[in-house]
Amino acid sequence: MDLATGIGLLGGVGVVFTLIMIDGGNFAAYFDKHAVIVIFGGAIAATMIRFPFSTMLHGLPMGLRYAFTMRSVKPHELIEEITKIADVVRKSGPIALESMEISDPFLAQGARYIADGYDRDFIRDTMERDRDNFLMHLDEGSKIYRAFGDCAPAWGMIGTILGMVTMFANMSDPSKLGPAMATALLATLYGALIANMVTLPIADKLHVKLEEEDVSRSLIIDGILLIRDQKSPSLVREMLIAYLPANHREDLAAEAA
């Protein structure tokens, strides 16, 4: 699990909760059904106009899942595992990969292609297509959450304007001024909180995860193709180290030494 996402959200909720408690703890005063309808109904409607319904059904849950999960295998761990695969192929042949346990599903898919004897072009084209499709869906999730974050503050302003219109239209009836003012203020509050504490941070987190997945899957594809070309394990390892940042390369070299 990506603890940073969970801790960040809990921290944001904790800040709001603490401020309300400092101001007297009247949580009921911070709830208004009209503001909820304006923010969630309006922002969802506007987001649906931007994206096809099928994209939203796929992108929302996928984005939420990857915002809260970490990649199970890091790039330097992938390099070590790919090096082991190259060593197994060199010593026992590609067929030995059928009984080898591989932690990363995408890497396992490539190893299966090698074991089954597929040609280099098929392996490259298929794995690159799988990588690109996955990254496209992850990017769609990021765009959906960013679109919702863009819409929420705007709909907060719409809710504020509607509340002020109601308030000014009922100046002669003091009993209606309070609820109208609450709608006006809380709509802006809800829109700002949802955008800046939830949807926009998740969109940024998904963009980071997309870049990580792009590096890891490209590394795997190159590693699988090098193994398919029967390159030595040491050569495979050295060529894949180029994917790592400079400090990680030094750590990996120190471990090898």
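Within how many Å do the axes of helix H2 (residues 33-50) and helix H7 (residues 177-228) come, and at what angle do they cross?

Author: The model is predicted, so local features are taken at pLDDT of at least 70 and side-chain atom pairs at pLDDT 80 or more, while totals for chains, interfaces and linings use all residues. Residues are numbered from 1 along each chain as its sequence is written, and side-chain values use heavy atoms, with hydrogens and water left out.

The axes of H2 and H7 come within 8 Å and cross at roughly 40°. Here the helices are DSSP runs (H or I, at least four residues; strands are E, at least two), numbered from the N terminus. An axis is a line fitted to C-alpha atoms, for helices over the stretch in contact, and the angle runs from 0 to 180 degrees between N-to-C directions. H2 and H7 are therefore oblique to each other, where under 35 degrees is roughly parallel, over 145 roughly antiparallel, 65 to 115 roughly perpendicular and the rest oblique. The crossing of H2 with H7 is right-handed, that is, the near helix is turned clockwise from the far one by less than a right angle, anticlockwise being left-handed.

On the H2 side, the contact (heavy atoms within 4.5 Å) is made by His 34, Ala 35, Val 36, Ile 39 and Phe 40. H7 contributes Thr 183, Leu 186, Ala 187, Tyr 190, Gly 191 and Ile 194. By class, these residues are eight nonpolar, three polar and no charged; Ala, Val, Leu, Ile, Met, Phe, Trp, Tyr, Cys and Pro count as nonpolar, Asp, Glu, Lys and Arg as charged, and the others, Gly among them, as polar.

A second pair is formed by H5 (residues 105-115) and H6 (residues 120-169), whose axes come within 11 Å and cross at roughly 160°. H5 and H6 are therefore roughly antiparallel, and their crossing is right-handed. Phe 106, Gln 109, Gly 110, Tyr 113 and Ile 114 of H5 meet Phe 122, Ile 123, Thr 126, Met 127, Asp 130 and Arg 131 of H6. This contact has six nonpolar, three polar and two charged residues.

Asp 104, in the loop between H4 (75-92) and H5, is buried at a relative accessible area of 4%; buried means under 20%, exposed over 50% and partly exposed in between, with a 1.4 Å probe and protein chains only. Leaving aside neighbours within four places in sequence, Asp 104 is in contact with Arg 71, Val 73, Leu 78 and Ile 220. Asp 150, by contrast, lies in H6 and is partly exposed at 43%. Not counting residues up to four places away in sequence, Asp 150 touches Arg 50 and Leu 200.

Gln 230 has a phi near 65°, a positive value in a residue other than glycine, and is exposed at 70%. Most residues other than glycine have a negative phi.

The UniProt record, an unreviewed entry, places "transmembrane region" at residues 7-29, 35-53, 152-171 and 177-200; its positions follow the numbering used here, feature names are shortened, and annotations may be inferred rather than shown by experiment. In the model, residues 152-171 are 90% helix and 0% strand, with end C-alpha atoms 28 Å apart. The record also lists "domain: MotA/TolQ/ExbB proton channel" at residues 101-213, a span that is 87% helix and 0% strand.
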